Amino acid sequence: MKAANRAIEGPIRAAAGTPMNGIRSKRALLRTIMNVVLRLANAAGLLLLVLIFALPFVWMLSTSLKTLPETMIFPPEWIPRNPVWKNYVDAWNTGPFLHYMTNSVIIAVSILLLQMLTIIPASYAFARYKFAGSGFLFSIVMVTLMIPSQLIFLPVYLELSAFKLLNTHLGLILPFASSAFGIFLLRQAFRQISDELIEAARLDQAAEWKIIVRIMVPMVKPVLVTFALFSFIAHWNDYFWPLVMTTNETARTLPIGIAKIREVEGVGTWNILMAGNLILVAPILVVFFLSQRQIIKAFVYNGVK
Amino acid sequence: MARILLKGISKTFKDETVIQDLNLEIKDGSFTVLVGPSGCGKSTTLRMVAGLEKQSGGEIWIDDTCVNDTPPGMRDVAMVFQNYALYPTMTVRGNIEFGLKNRGVPRNERDKLVKDISEIVGLAPFLDKKPQSLSGGQRQRVALARAMVKKPKVFILDEPLSNLDAKLRNQMRTELIQLHKRLGTTFVYVTHDQVEAMSMGDEIVVMNKGAIQQADSPMKLYQDPANLFTAQFIGTPAMNIIDMQGMKGLNIRSDRPVGFIGFRPEQGLLNPDRPVEGLVLKGDILTRESLGAENIYQIRSDAGTFFVKTFLRPLEPADAVTVAVPHDQLYYFGPDGGRIYGAGMQERALIAGGAIV
């Protein structure tokens, strides 16, 4: 509201400064009012969006601190009277959560590293080299983006089981060793870098790998960070593939562990379940807050050369 | 220090021939400027010398080595790009020493070279800044320093001043001339600006449509153009050309047919005090441009519109004027644009809109 007030002051003063032509100042006043209304509508719209996105999180947080009877009260109470921190301990104790978390970290980080290793050279080649069949190969990469994983999980499962990779970390990592989305994203970023830069590096006697590592990759860093974040979140939260690939605790990840709370505690222990969910998303929130600036930069980077 | 020799160079992009059978010698230690309108093949020629573009045919020699198959980094050639092409993620120091690092120059030697060069181009206070935080002129200096620090045999500059404002451009022009004197390295410079070419080069190569029109010293080029294109490309305003087609009564002695007659704007005498032996044109002044020491008039006559330039004389107030061009200041060209030497005019012949006195 304060900002809006400040916005009003400016035009009004300007209107008063003009020669006291009645119609003109009335018009100026009308325009100012319209301005304020528009600003308020804009703010209201944004607030609504924030509510839509934030409400589930707030509810999750609130429920995770309630006793079981409290979760059933209608209308719901947003702030529990006596926050029950013990829910977190209970959730943690329903299964080997430290083990799950270690698995999740190993798998999400390994996937990320492998993806970096594959998508950087691949996207660089697609962006910068003309080779026979490059267009065809790239379209194959793009096609894989359109195939839902549910469609191919069975053959991939059979393949990995033939290699005796069920219930192993490798079985959860290898299917995601590359990413079509990442190749696409990075290829676009590499293509925007001017040829002259590469030519200058060639004249500076830089080997091809050095051009990639020292010049090209640092220039696409914001895009790379964004992709890393997407990838990390997707595989940290992934439920489907770990469910398919694991039948015992060896390689199980956090999302499977959280889902198991329901089996252990019986249906309806929402407070424990929500506490488990918060344990699941907390690391992601931390990563997100740490790299927020980089992400925003990645989206506005294209305009700033 | 190196001499560059281009032998029968040609370049085709897909079906389009950009350069055909180009032969050129760039002298050791010269400041050679390739100049021509955009699309004439000058940049392509330069890029082939640098090795960034592979010629479709012919040989490129630097000193006594044929560099046809030498990669760009090994040709001992440094280049300054039009858009500077600085590495945005590296500091100024990183930019300058990148080439040295790749050559495996040890650290203490590198530091010394970077320090020396940054003092020469006045970048010492900015070594740890990123290029984005520098002004256009400073970026240009970084690009120069990056090229100079490698002590190349050949220095290649592709329109390096076109992104600078007029004042800075003039300043950098003189700095580049001094730099060339100091280094004594062969400079090959590409520009579309003939003023830049005239003021900087000691050897100018005028190109058009992928062919060399003339390669000469600036004054020779100006005073003795080999063809119509060079005559019209060099000089501001350009040489006045009178098309002989439809021109009657002009009696020219020549063993070849004459298509065009030309004269430099400053050789046209405006309302001469005494009779002049030569071409006399009568016309009306359309516009007057006063630049202080010199005035430029655009004059319309029956022979066409042309320019006359006068020095240190008051602005001509009259509208109708007579312009006389002495015989020895007239240039004759064939219908194909080639220069004709040894042609002259029959004296006292009358032409439409003008007279020979």
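This is a predicted model: local features need pLDDT of at least 70, side-chain atom pairs count only at pLDDT 80 or more; totals for chains, interfaces and linings use all residues.

Trainee: Nice. What is the secondary structure of chain A?
Mentor: Chain A has 15 helices and zero strands. Buried residues make up 38% of its 305 residues.

Trainee: Which parts does UniProt list as a transmembrane region?
Mentor: The unreviewed entry lists several spans of chain A, including residues 36-59 and 170-190. Residues 36-59 are 100% helix, with end C-alpha atoms 33 Å apart. Residues 170-190 are 71% helix and 0% strand, and their end C-alpha atoms lie 30 Å apart.

Trainee: And what's on record for chain B?
Mentor: UniProt, again in an unreviewed entry, lists residues 4-234 of chain B as "domain: ABC transporter". In the model that span is 36% helix and 26% strand.

Trainee: How many salt bridges cross the interface?
Mentor: Two are found between chain A and chain B. One of the salt bridges in the model pairs the side chains of A:Glu199 and B:Arg47, at 2.6 Å from N to O.

Trainee: Is α2(B) covered or open?
Mentor: Helix α2 of chain B, residues 92-102, is mostly covered, with nine of its eleven residues buried. Among them are B:Ile96, B:Phe98 and B:Leu100. The cover includes α10 and α11 of chain A, together with α3 and α4 of chain B.

Trainee: Which salt bridge involves B:Glu97?
Mentor: B:Glu97 pairs with B:Lys101, 3.8 Å from N to O. The two lie four residues apart in helix α2 of chain B, about one turn of the helix. An α-helix has 3.6 residues a turn, so residues three or four places apart point the same way.

Trainee: Buried or exposed, those two?
Mentor: B:Glu97 counts as buried because its relative accessible area is 8%, under the 20% cut-off. B:Lys101, at 31%, is partly exposed. Elsewhere, salt bridges with shared partners join A:Glu199, B:Arg47 and B:Glu53 into one network.

Trainee: What about pairs linking distant parts of the chain?
Mentor: Take B:Glu203 and B:Lys27, which meet at 3.5 Å, N to O. B:Glu203 is in strand β9 and B:Lys27 in the loop between β2 and β3 of chain B, 176 residues apart. B:Glu203 is buried at 18% relative accessible area, while B:Lys27 is partly exposed at 44%.

Trainee: Last one: what makes up the nonpolar surface patch on chain A?
Mentor: A:Leu51, A:Leu55, A:Val58, A:Trp59, A:Trp78 and A:Ile79 make a patch of about 610 Å². A:Leu51 lies in helix α2 of chain A, residues 22-64, and is partly exposed at 46% relative accessibility.

Key:
Residues are numbered from 1 along each chain as its sequence is written. Chains are lettered from A and ligands numbered from 1 in the order in which they are written. Side-chain values use heavy atoms; hydrogens and water are left out. UniProt positions are given in the numbering used here, feature names are shortened, and annotations may be inferred rather than shown by experiment. Patches are made of residues with over 30% relative accessible area and no salt bridge: like charges are joined within 9 Å, nonpolar side chains (Val, Leu, Ile, Met, Phe, Trp, Tyr) within 5 Å. Accessible areas come from the Shrake-Rupley method with a 1.4 Å probe; for residues, only the protein chains shown count as cover. A salt bridge is a side-chain nitrogen of Lys or Arg within 4 Å of a carboxyl oxygen of Asp or Glu. Buried means under 20% relative accessible area, exposed over 50%, partly exposed in between (1.4 Å probe, protein chains only). Contact means heavy atoms within 4.5 Å.
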